[in-house]
Amino acid sequence: MRGDNRKIPIRTKFYKQLILFSFLLIFFKASNLGLSPASEVYKREGNKVFIKIRTIKGKRGEIYDRNLIPLTLTLPDNYDWKRKYPFGWITSNLIGFVNIDNEGVEGIEFEFNKILKGKDGKIELFRTADGNYTVLPESKIIPPQNGSDIILTIDIKIQKICSEVLKEYALKYRAKKGWVTVLNPQNGEILALSSYPFFDPENFYNYTDENYRNNNVQYLFEPGSVFKVLTAIFAIRHSKIKIDELFDVSKPIVIKDVIIEDPEIEKKKKNEFTIEDIIVYSSNIGISKISERCNTDELINFAKKCGFGTPTGILFPGEGKGLIKKKMNKVDLLSFSFGQGLLVTPLQIALFYSAIANDGYLLHPIILKGITKENKFKEFRSKIVVRKIFDNREIYIIKNFLRKVVEKGSGKKAKIEGLSICGKTGTSQKVINGKYSKELSVMSFVGFYPQENPNYLIYIGLDEPQNVRFSSEIIPEMFKKIVENIEAINGENIYEIGGAI
């Protein structure tokens with residue numbers, strides 16, 4: 001018993017010393033921790049509830065017209081930016097818009113989104129005693145980077161004119177769609193791309209995809225009589241006809257259940273037409289008889305060489321490429337000669353006629369003039385030739401035909417005293433339930449001026465205008481109004497525009 005009692009104090013002493021040592025070790029570690037660099041980690045972890053990381057949005061680059069008039073404005077909005085469109089509906093389906101994340105969704109905003117959008121930065125905010133957050137000297141900041149500005153070839157004065165005239169006539173004749181393409185035929189620079197219906201880009205969510213489309217680039221349709229010129233040039237080139245040769249246009253052409261006639265020519269003053277008459281008065285019968293002499297495969301290949309059936313390559317989203325049949329029967333060939341049975345875009349037609357207006361060159365369409373960032377300017381080429389498609393003789397002949405279209409033919413409502421205007425009308429019946437409609441059509445007019453070394457080419461179209469039969473009744477009139485306004489725009493205050501859609 002005594003031996004066991006002596007061991008108890010020694011064991012107790014040992015445990016007391018162990019506890020004391022452990023306490024001292026913990027104390028030492030805790031004290032040392034407060035003095036070590038690792039304490040910053042614990043401080044930062046402990047202060048997490050007092051710090052907020054806020055994103056600083058990079059400023060989106062601006063979009064300018066060729067004369068450096070801003071087509072967008074980006075205004076500060078707290079730690080974000082708000083995109084504004086000073087020309088509203090006038091540039092709506094050209095410029096497009098951005099979504100709530102400041103990402104381009106349609107038009108130029110979408111096409112050049114990577115160039116325009118900036119890079120986000122970050123900043124540390126500390127919460128104060130009253131619960132608000134503030135920047136302190138020790139706040140970490142990663143500065144944002146602004147996007148690049150872009151300069152377009154668009155002339156906003158011309159875009160304004162075109163949009164207003166298009167809106168006026170589309171509403172007056174209750175058209176479903178419409179377009180106006182304006183370009184410089186000497187270098188392919190796009191001066192205006194107006195498309196109906198319009199929308200308000202700052203309230204884009206109130207509209208549908210139909211409003212967002214730019215018909216100049218994205219709409220596919222049968223071109224109708226503006227296409228007759230292609231058949232005429234092919235026949236002249238391959239000596240399928242003589243310039244003074246006469247063709248009987250007195251009776252419709254009937255093949256099985258297909259009837260080809262000249263409804264747009266109310267009363268023919270003669271029964272025989274030369275190739276000039278066929279173009280000037282827009283005879284389906286005449287151009288069909290010419291096409292019968294043409295090799296179908298060669299004519300198809302010529303149309304492709306002229307840019308049809310292939311995208312133009314314009315820097316704009318959603319471009320249509322069109323459609324040309326690979327094989328054609330006789331009815332297909334005759335219909336093709338006056339612009340039925342194929343699909344094109346308005347821009348393709350505009351570039352085709354530009355080759356007639358210039359020295360015979362099919363051009364690449366140019367819409368981007370340059371990019372600027374931090375006072376550095378990168379300029380893009382103003383003229384890109386795809387290929388030469390017409391020779392000088394063909395151009396001379398066809399230009400004279402087109403001038404007479406305006407002087408005395410189907411385009412005479414486009415005539416302006418003192419200007420030598422060349423042009424061509426087109427009325428294309430729409431296909432409804434597999435058959436060509438007698439009531440619904442796409443009406444268009446393409447023209448350029450002056451005849452020699454023209455500065456402007458304008459292509460106008462309305463889809464399903466009501467209470468009108470032929471393009472000659474209203475579309476050349478639109479052309480005239482646009483040209484007269486273009487000629488009178490010097491000194492205009494471009495900001496005196498606007499109004500509701």
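Predicted model: local features only at pLDDT ≥ 70, side-chain atom pairs only at ≥ 80, totals over all residues.
Residues are numbered from 1 along each chain as its sequence is written, and side-chain values use heavy atoms, leaving out hydrogens and water.

Let's start with the big picture. The protein has 16 helices and 21 strands; both are DSSP runs numbered from the N terminus, with helices being H or I of at least four residues and strands E of at least two. Of its 501 residues, 51% count as buried. Buried here means under 20% relative accessible area, exposed means over 50%, and partly exposed is in between, with a 1.4 Å probe and protein chains only. Contacts are heavy atoms within 4.5 Å. Among those between residues at least 6 apart in sequence, 70% join residues at least 24 apart.

Now take Asn214, in the loop between α7 (209-212) and α8 (215-218). With a relative accessibility of 0%, Asn214 is buried. Setting aside neighbours within four places in sequence, Asn214 is in contact with Asn93, Leu94, Leu193, Ser195, Tyr219 and Phe316. Its side chain also reaches the backbone oxygen of Asn93 at 2.9 Å. That is a polar contact, meaning a pair of N or O atoms within 3.5 Å; within protein, one must be able to donate a hydrogen and the other to accept it, and residues adjacent in sequence count only if both atoms are side-chain atoms. Along the chain, Pro197 is 17 residues from Asn214, and their C-alpha atoms are separated by 9.0 Å.

Ser92 belongs to helix α3 (residues 92-95). It is buried too, at a relative accessible area of 1%. The Ser92 side chain reaches the backbone oxygen of Trp89 at 2.9 Å. Beyond four places in sequence, Ser92 has contacts with Phe198, Phe199 and Pro201. For a charge to sit over a ring, NZ of Lys or CZ of Arg must be within 6 Å of the ring centre and within 35 degrees of the ring normal. Lys388 does this as well, lying over the face of Tyr361 at 4.5 Å from the ring centre.

On to the aromatics. Rings of Phe, Tyr and Trp (its six-membered ring) pair if their centres lie within 6.5 Å; planes under 30 degrees apart count as stacked, over 60 as edge-to-face and the rest as tilted. By that rule there are 22 aromatic pairs. Tyr219 and Phe221 make a stacked one, at 5.6 Å centre to centre and 5° between the planes. Both Tyr219 and Phe221 are buried. Phe273 and Tyr281 are a tilted pair, because their planes meet at 40°, with ring centres 5.9 Å apart. In that pair, Phe273 is buried at 3% relative accessible area, whereas Tyr281 is partly exposed at 28%. Ring pairs also link Phe97, Phe199, Phe204, Tyr205, Tyr207 and Tyr212 into a cluster.

Lys177, in strand β9, is buried with a relative accessible area of 11%. Its side chain makes a polar contact with the side chain of Glu210 at 3.3 Å. Not counting residues up to four places away, Lys177 touches Tyr196, Glu210, Asn215, Tyr219, Gly461, Leu462 and Asp463.

In α16 (residues 475-486), the buried residues are Ile475, Pro476, Met478, Phe479, Ile482, Val483 and Ile486. Viewed down the axis, they fall within an arc of 150°, so they line one face of the helix; the arc is that of the directions from the helix axis to the C-beta atoms. An α-helix has 3.6 residues a turn, so residues three or four places apart point the same way. The cover over those buried α16 residues includes α6 (156-172), β9 (177-183), β19 (422-432), β20 (435-449) and β21 (456-463).

As for α6, 13 of its 17 residues are buried, so this helix is largely enclosed by the rest of the structure. Asp155 caps the N-terminal end of α6, with a side-chain oxygen 3.0 Å from the backbone nitrogen of Lys157. Just after α6, Arg174 takes a positive phi of about 50°.
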